[in-house]
Amino acid sequence: MAQYIIALDQGTTSSRAIIFDKKGSIISVGQKEHEQIMPRAGWVEHDPIEIRDNMREVIGIALGRANITRHDIAAIGITNQRETAVVWDKNTGEPVYNAIVWQDTRTQPIVDRLAGDEGIERFKDIVGLPLATYFSGTKIVWILENVEGAREKAEAGDLIFGTTDTWVLWNLTGGPDGGVHATDVTNASRTLFMDLKTLSWREDILAEFGVPLSMLPEIRSSSEVYGVARDASLLRETPIAGILGDQQAATFGQAAFDAGESKNTYGTGCFLIFQTGTDIVKSENGLLTTVGYKLGDEPAHYALEGSIAVAGSLIQWLRDQLGIISSAPEAEELAKKVEDNGGVYFVPAFSGLFAPYWRPDARGTIVGLTRYSNRNHIARAALEATAFQTREVLDAVNADSGVDLTELKVDGGMIANDTLMQFQADILGVPVVRPVVAETTALGAAYAAGLAVGFWNDLDELRANWQEDKRWTPNDDVAERERQLRLWKKAVTKSMGWVDDDVR
């Protein structure tokens with residue numbers, strides 16, 4: 001009898017395969033980073049072929065480290081970077097262009113054109129999202145308008161689109177030889193094309209964008225059997241039974257299933273999701289309305305989301321672009337060498353400001369520098385930037401929901417940083433709680449797949465798996481908290497309005 005579930009996590013910086021047992025504990029991990037391609041300022045790309053090949057390799061690594069075979073795996077779950085767009089030829093399996101990553105800002109002219117006189121919220125009542133470079137819809141338009149022959153091939157029905165979950169699913173299930181072209185509702189809700197109420201593609205919006213309906217994958221639930229692995233994969237004949245966009249997967253992995261429950265993920269970006277149950281709640285405070293999950297034939301569950309573009313990637317920037325640190329943990333080591341930020345604030349608006357501002361004209365800013373400032377202060381300000389951004393998003397969630405959160409569940413790579421987590425609790429004024437299994441994104445995808453094949457019986461069984469690992473409680477210096485927040489907001493205003501006709 002199969003004892004495990006494998007989750008395939010196609011993330012922004014790496015592909016991973018993680019094997020879980022019935023208790024939700026990690027048995028083994030295979031991981032491989034892929035290249036971050038940045039040909040121009042504001043452009044971020046990935047090679048889809050590299051991602052496909054890496055995913056096959058990490059499956060083998062995970063199975064080998066666990067000393068098991070496909071016969072021990074009950075099902076496959078997929079989770080992914082959500083808004084990254086891949087367009088490929090369905091007959092050959094060859095991408096017509098690199099994957100355009102969610103962080104990419106090249107489509108701002110397309111956003112401006114579509115917004116016109118009606119503004120960026122033109123379609124928000126239907127799709128829950130403002131027009132922004134973040135989402136995959138404008139990335140498809142860019143490919144159709146800028147890749148030679150793409151428009152003609154798309155209109156002939158030869159090109160298909162998918163976020164990276166669809167790309168992985170299609171290749172695992174046979175590729176050009178009968179590959180399943182599908183996505184789940186959580187990923188579909190990040191395209192700008194899906195009606196939140198009907199959970200179907202809006203042909204009128206597609207027409208406004210100039211994207212043929214034939215390019216789009218079938219929209220399915222987050223937990224059902226989509227097909228079986230058919231390629232040369234070591235998982236052949238194993239059912240693929242769960243798909244969740246990474247942030248929804250992390251929420252599911254945190255066992256935050258019900259209205260009022262939430263989590264914050266600290267990864268490449270930072271994403272706070274607040275479940276609203278079966279109600280579609282429209283934000284008045286700069287949040288996104290999105291699908292939280294849908295299990296088989298059951299009703300969809302919705303959520304409010306605060307999306308922050310730059311969190312862990314800021315630490316990577318300190319390492320790779322500035323050379324201030326040689327490894328991510330060194331940022332905390334530097335930050336601990338000073339008592340505070342020394343008046344330095346770092347607004348990492350590398351891709352503009354996401355929630356709650358949605359200001360594409362903003363750019364990264366470091367303010368408050370004096371001769372006293374050193375790299376320790378800059379490292380501390382970089383860490384604190386993530387906590388300040390989370391506070392602003394949490395304030396928006398509280399305003400939209402009318403209910404103040406009493407604690408924040410956290411996950412993602414940055415939660416290993418005690419200095420950041422303590423500052424997060426201090427600036428929020430509520431406890432921050434880390435689970436035993438921190439890989440909640442992959443765990444959520446595993447849960448969705450396991451529910452579909454009966455590996456787990458129900459949500460109560462999943463709730464019983466969740467365990468607290470550590471809790472950070474805030475200090476009670478309210479005046480200092482408010483002073484810091486006031487200065488942060490002042491710093492944010494300095495980042496705005498930088499991009500104009502002369503700066504792109």
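User: How accessible is Arg463?
Analyst: Arg463 comes out at 29% relative accessibility, so it counts as partly exposed. The classes are buried for under 20% relative accessible area, exposed for over 50%, and partly exposed in between, using a 1.4 Å probe and protein chains only. This is a predicted model, in which local features need pLDDT of at least 70 and side-chain atom pairs count only at pLDDT 80 or more, while totals for chains, interfaces and linings use all residues. Residues are numbered from 1 along each chain as its sequence is written, and side-chain values use heavy atoms, with hydrogens and water left out.

User: Which side chain meets that of Arg463 in a salt bridge?
Analyst: That of Asp258, at 3.0 Å, N to O. Asp258 sits in the loop between H9 and E15, and Arg463 in helix H15 (residues 459-465), so this pair ties together parts that are 205 residues apart in sequence. A salt bridge here is a side-chain nitrogen of Lys or Arg within 4 Å of a carboxyl oxygen of Asp or Glu. Helices (H or I, at least four residues) and strands (E, at least two) are DSSP runs, numbered from the N terminus.

User: And how exposed is Asp258?
Analyst: Asp258 is partly exposed too, because its relative accessibility is 34%. Elsewhere, salt bridges with shared partners link Arg82, Glu83, Arg190, Asp246 and Glu305 into one network.

User: How many salt bridges are there in the whole structure?
Analyst: A search finds 35. One of them joins the side chains of Arg56 and Asp53, at 3.9 Å, N to O. Both residues belong to helix H1 (residues 48-66) and are three residues apart, about one turn of the helix.

User: Why does the spacing of three matter?
Analyst: An α-helix has 3.6 residues a turn, so residues three or four places apart point the same way.

User: OK, helices then. At what angle do H9 and H14 pack?
Analyst: At about 75°, with the axes of H9 and helix H14 (residues 440-452) 6 Å apart. That makes the two helices roughly perpendicular. The contact involves residues of H9, including Phe252, and residues of H14, including Tyr447. By type, the residues of this contact are eight nonpolar, four polar and one charged.

User: What do those words mean here?
Analyst: Axes are lines fitted to C-alpha atoms, for helices over the stretch in contact, and angles run from 0 to 180 degrees between N-to-C directions. Under 35 degrees counts as roughly parallel, over 145 as roughly antiparallel, 65 to 115 as roughly perpendicular, and the rest as oblique. Contact means heavy atoms within 4.5 Å. Ala, Val, Leu, Ile, Met, Phe, Trp, Tyr, Cys and Pro count as nonpolar, Asp, Glu, Lys and Arg as charged, and the others, Gly among them, as polar.

User: How many residues are in the largest nonpolar core?
Analyst: It has 106, and Tyr134, Phe193, Phe209, Val211, Met215 and Tyr266 have the most contacts inside it. Helix H12 gives the largest share, 12 residues. A second, separate core has 26 residues, among them Tyr293 and Leu459. A nonpolar core is a set of buried Ala, Val, Leu, Ile, Met, Phe, Trp, Tyr and Cys residues joined through side-chain atoms within 4.5 Å.

User: Switching to strands. Where is Ile243, and is it buried or exposed?
Analyst: Ile243 is in strand E14 (residues 239-245). Its relative accessible area is 0%, so Ile243 is buried. Leaving out residues up to four places away in sequence, Ile243 touches several residues, including Ile78, Leu169 and Tyr226.

User: What about helix H10: which residues are buried?
Analyst: In H10 (residues 312-322), Gly312, Ser313, Leu314, Ile315 and Leu318 are buried. Their cover includes helix H11 (329-335), strand E19 (345-347) and helix H12 (375-401). Gly323 follows H10 and has a positive phi, near 70°.

User: Which residues other than glycine have a positive phi?
Analyst: Among them are Leu199, with phi near 55°, and Ala255, with phi near 60°. Leu199 is in the loop between strand E10 (194-195) and strand E11 (200-201). Ala255 is in the loop between helix H9 (246-253) and strand E15 (262-266).

User: And where is there a cis peptide bond?
Analyst: Between Ala355 and Pro356, with omega about -5°. Pro356 lies in the loop between E19 and strand E20 (365-367). Most residues other than glycine have a negative phi, and most peptide bonds are trans.
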